[in-house]
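Here is a short report on a two-chain model. Keep the sequence and the structure open while you read.

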Amino acid sequence: MSESTRDAFEQALDTREIRGRSLYVDAWHRLLKNKAAVAGLVVLAIMVVLVLVGPLLSQWDHEIPDWEHYSTPPSLETGHVFGTDAIGRDLFVRTMIGGQVSLLVGLLATLVSLVIGVTYGAVAGYLGGRADNVMMRFVDAVYAMPFMFFVILLMVVFGRNIFLIFIAIGAINWLDMARIVRGQTLSLKNKDFVEAARACGATEAQIIRRHIIPNLLGVVIVYVTLTIPQVILVESFLSFLGLGVQEPLTSWGALVNEGAQELETAPWSLMFPAAFLAVTLFAFNFLGDGLRDALDPKDRL
Amino acid sequence: MRAPVLKVRGLEVHYRVDAGSLFRHDYYTIRAVDGVSFDVFPAETLGIVGESGCGKSTLARALLGLQRPKGGSIEWLGEELVGTREEFLRKKRREIQIIFQDPSGSLDPRMTIGEIVAEPLKTFYPSMSRLQVRERVIGILQLVGLRSDQINRYPHEFSGGQCQRVGIARALVVNPRLVVCDEPVSALDVSIQAQIVNLLKDLQKKLQLSLIFIAHDLSVVRHVSDRVLVMYLGKVMEVADRESIYHAPRHPYTRALIESVPIPDPVRERARARRSLQGDMPSPLDPPSGCVFRTRCPFAIDRCAAEVPELETLDDGNRVACHRHREIPAEPWPENEDGDREASTT
């Protein structure tokens with residue numbers, strides 16, 4: 001580089017308007033550079049659109065059987081592109097409807113556990129001492145309660161309702177989240193930068209919001225990406241026990257479960273829902289990995 | 001004589017340590033700072049030296065109100081700080097700021113430099129506009145020798161010295177009157193230490209700051225301080241102006257510290273008699289009776305074990321806490337017996 005161009009370059013550096021950026025804007029740009037994460041994001045977006053729009057485009061309904069086709073393999077001629085199940089319902093529409101339920105349960109239940117778990121864990125860890133002790137013993141107590149008992153209790157008291165499933169699953173999953181977050185917070189709150197924030201006049205609430213929570217994000221996001229698949233599977237287990245979504249409504253978990261029973265006679269009824277479930281879970285994992293890296297400034301390339 | 005900005009009198013900070021088991025609590029009290037008194041005058045630097053664990057950092061935290069003192073008084077510009085509400089202390093932190101020892105550890109790894117320096121502005125002046133904040137941040141970054149285009153960088157992209165500059169910028173951005181520097185250079189390379197120390201001195205002159213400069217490195221303290229306070233086991237041993245401390249130390253502990261500074265000349269360094277202190281500092285859980293330094297003091301007499309020496313003000317305004325300060329400075333330091341003498345037997 002010649003002297004004059006270097007001068008010009010430096011001048012450009014000086015006069016360029018400098019805009020303050022925040023962690024989240026930065027993280028978004030970093031996320032977009034991560035190919036796997038972008039792929040995951042795109043797949044999830046397509047999946048959401050598909051499960052919402054798919055049933056509208058199809059000529060079949062998810063509850064009404066096609067009386068002429070029981071347990072038929074996928075075929076364009078019959079119009080059942082994914083085939084039909086044992087009582088003649090179109091598997092494509094059922095997979096899409098099941099996807100709506102599974103994604104909704106996965107996201108909402110995780111959101112419930114995220115909000116409760118992070119708040120509870122961060123407060124317990126940050127306050128420490130006796131408050132921490134009392135709060136974590138409560139977590140232990142709830143943890144010791146059998147999950148099924150809890151769900152059945154909810155069903156009995158409030159009646160069967162799809163939103164109860166979100167609450168029931170979320171109400172169990174936040175316990176893990178709270179423990180993880182509490183442990184992280186305990187180590188974070190003794191860091192010098194928290195003390196520095198206090199010396200800068202920040203209130204306790206500001207410290208939790210500005211310093212503790214952003215530093216928790218990495219761990220939390222990894223855990224969330226593990227929780228979503230777990231929640232989807234728990235929901236299918238509940239459905240199997242007759243406590244989850246009920247026929248004719250369905251979910252991926254329920255479809256996989258039915259398909260597994262007919263594996264020998266109608267393998268397609270397992271393959272399609274299982275493939276959708278697997279692809280979605282992969283996409284969540286890639287996205288989660290990408291988010292974790294994007295939110296850690298030290299990983300920036 | 002000018003009026004001091006900060007008057008500390010008989011400050012006590014205690015930690016409670018639970019040494020009991022799961023079901024039984026045994027609390028011990030550590031007197032980390034035990035009856036410390038001193039003044040800080042406008043635009044002067046008070047150096048505080050002492051070994052690790054003598055209560056320097058605890059003292060710094062207590063001055064900021066980050067650690068609640070057990071007793072004594074901290075008077076800041078005529079207002080008492082001890083025993084006041086958290087809200088009041090928070091406001092006072094605009095005037096008293098702190099620079100931490102660990103340059104990168106004191107910066108939030110997930111915040112940009114600009115956000116870090118802007119944080120005190122956001123908490124103390126919530127009504128300030130974004131533009132004003134940014135102008136002030138850029139101004140202060142340039143003052144401490146960083147470029148304005150580095151505002152969007154993260155702490156891990158900087159060296160230790162640069163991080164410490166950011167720490168200094170954060171402390172100065174709200175125009176404090178007093179900055180407590182808690183070993184600001186001990187984590188840095190020697191070459192960087194000089195830069196940072198000189199930066200602090202320049203800024204002090206420019207902004208008319210009072211500094212409390214805590215260090216365990218006597219040569220650095222000598223370079224920056226107007227007066228020096230020597231601490232040992234939570235107590236003040238000696239407070240004196242810089243020249244007296246270095247040329248005519250009165251307290252045997254001060255003398256031992258100064259003797260232990262290595263001379264940067266191998267020939268002279270090897271030739272001089274080893275007069276280092278023997279043994280370790282006694283546990284603050286169980287401090288010695290009388291003078292806390294007596295277990296390691298080669299001049300200790302019976303009186304030292306029986307009576308706690310008062311911090312006595314001398315004719316020249318310097319203060320020393322030693323029963324024998326009139327006789328000792330004339331006496332030669334006893335030679336070590338090859339270092340295997342057990343000095344800390346009580």
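Start in chain B, where Lys7(B) has Glu75(B) of β4(B) as its bridge partner. This is a predicted model. The bridge belongs to an antiparallel pairing of strand β1 (residues 6–18) of chain B with strand β4 (residues 71–76) of chain B. That pairing spans 5 bridges.

Glu75(B) also stands opposite Glu80(B) in β5(B). Here β4(B) runs antiparallel to strand β5 (residues 79–80) of chain B, and 2 bridges join them. The two strands form a hairpin with 2 residues between them. In the turn, Leu77(B) has a positive phi of about 50 degrees.

| Strand pair | Sense | Bridges | Residue pair |
|---|---|---|---|
| β1(B) and β4(B) | antiparallel | 5 bridges | Lys7(B) and Glu75(B) |

Next, a helix of chain B. Gln193(B) sits in helix α6 (residues 190–207) of chain B. Is Gln193(B) buried or exposed? Gln193(B) counts as buried because it has 21 C-beta neighbours inside 10 Å, and the cut-off for buried is 20 or more. Leaving aside neighbours within four places in sequence, Gln193(B) is in contact with Val185(B), Leu188(B) and Val220(B). Phe41(B) lies elsewhere: its C-alpha atom is separated from that of Gln193(B) by 25 Å, and the two are 152 residues apart along the chain.

Now the interface. In chain B, 31 residues are in contact with 23 residues of chain A. On the side of chain B that touches chain A, β6 (96–99) and α3 (113–124) of chain B each supply at least two residues. The most comes from α3(B), with 6 residues. By class, this side of chain B has 11 nonpolar, 9 polar and 11 charged residues.

Helix α4 (residues 91–127) of chain A packs against helix α11 (residues 268–294) of chain A at an angle of about 35 degrees. Their axes are 10 Å apart. The crossing of α4(A) past α11(A) is right-handed. From α4(A), the contact uses Leu91(A), Thr95(A), Gly98(A) and Gly99(A). From α11(A) come Trp268(A), Ser269(A), Phe272(A), Pro273(A) and Phe276(A). The contact has 5 nonpolar, 4 polar and no charged residues.

Finally, confidence. Chain A has a mean pLDDT of 80, and 90% of its residues reach 70 or more. Among the elements of chain A, helix α8 (residues 192–199) has the highest mean pLDDT (90), and helix α1 (residues 3–15) the lowest (54). Where pLDDT is low, predicted coordinates should not be read in detail.

Terms used
Residues numbered from 1 in each chain as written. Chains lettered and ligands numbered in written order. Predicted model: local features only at pLDDT ≥ 70, side-chain atom pairs only at ≥ 80, totals over all residues. pLDDT = per-residue confidence, 0-100. Helix = DSSP H or I, 4+ residues; strand = E, 2+ residues; numbered from the N terminus. Contact = placed C-beta atoms within 7 Å. Nonpolar A, V, L, I, M, F, W, Y, C, P; charged D, E, K, R; others polar. Axes fitted to C-alpha atoms, helices over the stretch in contact; angles between N-to-C directions. Left-handed = near helix turned anticlockwise from the far one by under 90°. Buried ≥ 20, exposed ≤ 12 C-beta atoms within 10 Å, placed from the backbone. Pairing = 2+ DSSP bridges.
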